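Subject: Structure for you to look at

Hello,

Here is the structure I said I would pass on. Please open it beside this email and follow along.

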Amino acid sequence: MAHQKLKPGEHGEIFITTHTSGSQQARVRVRLLDGSVTEVSRSRQTAHAARLAVQAEIDTLLNAAKGSENLKPDDKVGKAARQWIDELRVRSRWPNAPVRPQTVDEYERTLGNHVIPALGKIRLNQLTLPMCQKLVDDILEKGKRGPNDMIWTAEQVKFCFKSVIDRAMLHDALRSNPVEKVKTPKPTPPEPKAMKVIDVFRLRKATRDWEASRKGQPGPRPTGHLPAAVDLMLGTGLRIGEALALQWGDVKLTGPTPTVAVVATLVDIKGEGTVRQEQPKSDAGVRTIVIPQFTVEALESIRPPSPEPDVPVFPSRTFKDGRESRTPQTTHNVRRTLRMALDLANMKGQVHPHLLRTTVATFVARERGAGDAATLLGHKINTGVTGKHYIERLRLAPDVSEVLQELIQIADEEGLRSEAASQEQLASVRRGGDSPAGAESVGPRDGVESVNEVTGW
């Protein structure tokens with residue numbers, strides 16, 4: 001009699017036979033999901049137990065992951081992670097790429113620093129929830145012994161590891177993702193910090209003093225680039241990568257409304273070094289910013305007589321014949337020179353480039369509202385379906401140049417008053433007298449105190 005024609009996932013009648021030893025054997029034919037047919041048999045002391053054992057094996061066969069040509073259930077976690085990174089790297093080169101190359105680099109570092117050392121040699125079909133939870137627990141325990149709690153690192157590790165296993169499931173190397181159920185603590189929302197106006201004055205003075213200190217010293221001649229870069233970031237709220245990616249074709253210093261157009265950023269990409277990426281961090285980052293007078297003056301101080309449109313505003317070097325390099329300065333280089341300037345001014349560790357962005361956002365938000373601050377910084381404002389489908393995107397950031405010019409004016413006045421008071425107090429000490437009369441009552445200029453109270457500076 002011909003065998004019953006089975007469909008994928010079906011099994012035939014279970015037959016029970018008795019061995020000479022008295023044990024019961026159950027046998028059955030099963031057509032697997034790939035169309036192949038196999039026979040399952042199990043022996044037990046009773047027919048009922050043998051039948052249950054065969055049925056359990058059928059469930060295992062039909063529900064077990066089979067894998068694909070690229071990834072099998074017995075492949076190791078390290079192989080699955082490498083394939084995920086390689087796949088993302090290819091997609092990062094697509095038009096309108098879903099992920100940026102520098103983001104792929106960050107994911108690769110996260111996996112390489114945490115997941116691979118702990119679980120890279122474990123086979124996918126051996127991976128368990130306790131193993132995955134221990135990985136995160138160990139990271140958090142390490143955070144307790146260090147300066148940072150590493151909660152954000154644990155979140156990043158979970159995201160990357162879950163994505164690796166999600167891809168393994170797509171290749172049928174696993175049927176469930178144990179990382180999904182891993183518990184992580186809720187990250188503490190960051191508390192943005194802004195500079196005080198006196199520190200804005202000290203920072204600008206520190207960069208100019210540093211430039212002056214280099215005159216007559218060995219090495220490259222002073223360019224004025226560091227003070228100009230600081231004033232650019234204070235006058236626009238640009239990220240340091242956006243500021244250094246500017247070319248002279250993006251800058252308009254003449255006319256009633258001087259502007260800079262933000263259309264690119266500098267990024268570090270593995271294997272390529274620092275490159276100019278022809279798009280900011282996000283789509284909302286493409287914008288044109290009206291710049292205040294102090295930023296105009298700073299850019300004019302470093303502007304070549306006849307700048308070419310594709311020459312960087314902050315080139316990496318100037319040749320002996322006066323030509324500017326078409327390679328921009330790296331963010332690493334500017335951060336290094338900023339640290340040198342801060343060290344000279346006894347401000348070590350007090351300022352970093354992103355603090356300037358936070359300072360600008362804080363001042364603009366308190367003077368003009370959070371919406372203007374978000375647009376200035378290139379953040380996307382969620383307007384729902386209407387904004388997504390019906391409102392043309394505004395590429396010109398709101399004109400807050402007067403607000404930021406006021407910031408510098410207040411900072412300069414506060415700084416000069418503070419310096420004058422310090423000099424007077426020092427002179428008094430040298431004369432052997434007490435503090436000058438009325439020194440304690442020296443305060444900000446009329447109207448500034450109320451500004452400081454409102455802005456919290």
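Below is what was found in it, starting with the chain as a whole.

This is a predicted model, in which local features need pLDDT of at least 70 and side-chain atom pairs count only at pLDDT 80 or more, while totals for chains, interfaces and linings use all residues. Residues are numbered from 1 along each chain as its sequence is written, and side-chain values use heavy atoms, with hydrogens and water left out.

**Overview**

The protein chain has 15 helices and eight strands. Helices (H or I, at least four residues) and strands (E, at least two) are DSSP runs, numbered from the N terminus. Of the 457 residues of the chain, 42% count as buried; buried means under 20% relative accessible area, exposed over 50%, and partly exposed in between, with a 1.4 Å probe and protein chains only. A contact means heavy atoms within 4.5 Å. Among contacts between residues at least 6 apart in sequence, 60% join residues at least 24 apart.

**Strands**

Strands of a sheet pair through backbone hydrogen bonds, either parallel or antiparallel. Here two strands are said to pair if DSSP finds at least two bridges between them.

Strand β2 (residues 24-31) is joined to β3 by eight bridges, and Arg 31 has Val 37 in β3 as its bridge partner.

Four bridges join β5 (residues 259-262) to β8, where Val 290 stands opposite Thr 259.

Strands β6 (residues 265-269) and β7 (residues 273-277) pair in the antiparallel sense over five bridges. Asp 268 has Thr 274 of β7 as its bridge partner. Three residues lie between the strands of this hairpin, in which Gly 271 takes a positive phi near 85°.

**Nonpolar cores**

In soluble globular proteins, nonpolar side chains tend to be buried together. A nonpolar core is a set of buried Ala, Val, Leu, Ile, Met, Phe, Trp, Tyr and Cys residues joined through side-chain atoms within 4.5 Å.

Which residues have the most contacts inside the largest nonpolar core? They are Leu 299 and Phe 314, in a core of 58 residues. Helix α7 (residues 225-236) gives the largest share of this core, seven residues. Leaving out residues up to four places away in sequence, Phe 314 touches a list of residues including His 225, Ala 228, Leu 232, Leu 299 and Pro 328. Apart from this core lies another, of 33 residues, among them Cys 160, Phe 161, Ala 173 and Val 179.

**Single residues**

Cys 160 lies in helix α5 (residues 151-170). Cys 160 counts as buried because its relative accessibility is 0%. Beyond its neighbours within four places in sequence, Cys 160 is in contact with Trp 84, Tyr 107, Thr 110 and Leu 111. Glu 108 is 52 residues from Cys 160 along the chain, and their C-alpha atoms are separated by 8.8 Å. Cys 132 also counts as buried, at 1% relative accessibility. A search of the whole structure finds zero disulfides, a disulfide being a pair of cysteine sulfur atoms within 2.5 Å.

Is Gln 405 buried or exposed? Gln 405 counts as buried because its relative accessibility is 18%. Gln 405 lies in helix α14 (residues 401-431) and touches Pro 292, Gln 293 and Phe 294, not counting residues up to four places away in sequence.

**A helix pair**

Two packed helices are described by the angle between their axes and the distance between the axes. The axes of α11 (residues 353-368) and α12 (residues 370-377) come within 7 Å and cross at roughly 145°. Residues in the contact include Val 360 and Val 364 of α11 and Ala 373 and Leu 376 of α12.

Regards

Conventions: Axes are lines fitted to C-alpha atoms, for helices over the stretch in contact, and angles run from 0 to 180 degrees between N-to-C directions.
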